[in-house]
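Let's take a walk through a protein chain together. Have the sequence and the 3D view open while you read.

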Amino acid sequence: MTALFPGDAQQSARLAIPLFASKIKAGFPSPAQDYVERTLDLNELCIRHPNATFFVRVEGDSMIEAGIYDNDVLVVDRSIEAEHGDIVVAAVNGEFTVKELCTRPSLMLLPRNAAYQPIRPGNDEELNVFGVVTNVIRQMKRK
């Protein structure tokens, strides 16, 4: 994974993007309504703890069944205590990875792609959880 440094999140420019009141159906289409409920700042939506948040770009396909794909950007919050079932950014012996944290029945990091094996840290391996993934940012139109 490659780390992205967003700078001081508290000093970033706020963008007021329109948020429409009506939801978009993913099934049968409905007539669109021209009603803007309010504006939405993506920092407000994605970042709860600016001083503890960082971005990281994904490389690989071990998390595709969790909806995380190669080149996606993850929003990671270091202030959230990781719990069983959370998607986390962790380091195993200094090598970074993104996996699902499993704490029971034993500690392991689970890939979300059947082609990969779980990571079960042994007694001589160091496991550090750096933060919990709170959002995934994906560009839909690829070049």
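## Cysteines and ground rules

How many disulfides does the count come to? With a disulfide taken as a pair of cysteine sulfur atoms within 2.5 Å, the count here is 0. Cys46 has a relative accessible area of 16%, so it is buried. Cys102 counts as buried too, because its relative accessibility is 6%. (Buried means under 20% relative accessible area, exposed means over 50%, and partly exposed is in between, using a 1.4 Å probe and protein chains only.)

A quick word on the ground rules. This is a predicted model, where local features need pLDDT of at least 70 and side-chain atom pairs count only at pLDDT 80 or more, while totals for chains, interfaces and linings use all residues. Residues are numbered from 1 along each chain as its sequence is written, and side-chain values use heavy atoms, with hydrogens and water left out.

## The overall layout

The chain has 1 helix and 9 strands. Helices (H or I, at least four residues) and strands (E, at least two) are DSSP runs, numbered from the N terminus.

Of the chain's 143 residues, 27% count as buried. Now for contacts, meaning heavy atoms within 4.5 Å. Take those between residues at least 6 apart in sequence: 56% of them join residues at least 24 apart.

## Two nonpolar cores

A nonpolar core is a set of buried Ala, Val, Leu, Ile, Met, Phe, Trp, Tyr and Cys residues joined through side-chain atoms within 4.5 Å. The largest one here has 11 residues, including Phe54, Met63, Ile68, Leu74 and Val133. At least two of its residues come from each of strand S4 (53-57), strand S5 (73-77) and strand S6 (87-92). Another core, of 6 residues, lies apart from it, and Val88, Ala90, Leu101 and Leu109 are among its members.

You'll find Val76 in strand S5, and it counts as buried because its relative accessibility is 0%. Although Val76 and Phe54 are 22 residues apart along the chain, their C-alpha atoms are separated by 5.4 Å. Leaving aside neighbours within four places in sequence, Val76 touches several residues, including Ala52, Val56, Val89 and Gly131.

## How strand S9 pairs up

Two strands pair if DSSP finds at least two bridges between them. Strand S9 (residues 127-137) pairs with S5 in the antiparallel sense over 5 bridges, and Val73 sits opposite Ile137 in S9. S6 and S9 also run antiparallel, joined by 5 bridges. There, look for Val92 opposite Leu127 in S9.

## An aromatic pair

Rings of Phe, Tyr and Trp (its six-membered ring) pair if their centres lie within 6.5 Å; planes under 30 degrees apart count as stacked, over 60 as edge-to-face and the rest as tilted. The whole structure holds 1 such pair. Why is the pair of Phe96 and Phe130 tilted? Its ring centres are 5.0 Å apart and its planes sit at 55°, so it gets that label.

Phe96 belongs to strand S7 (residues 95-102) and Phe130 to strand S9, so the pair ties together parts that are 34 residues apart in sequence. Phe96 is partly exposed, with a relative accessible area of 43%, and Phe130 counts as partly exposed at 24%.
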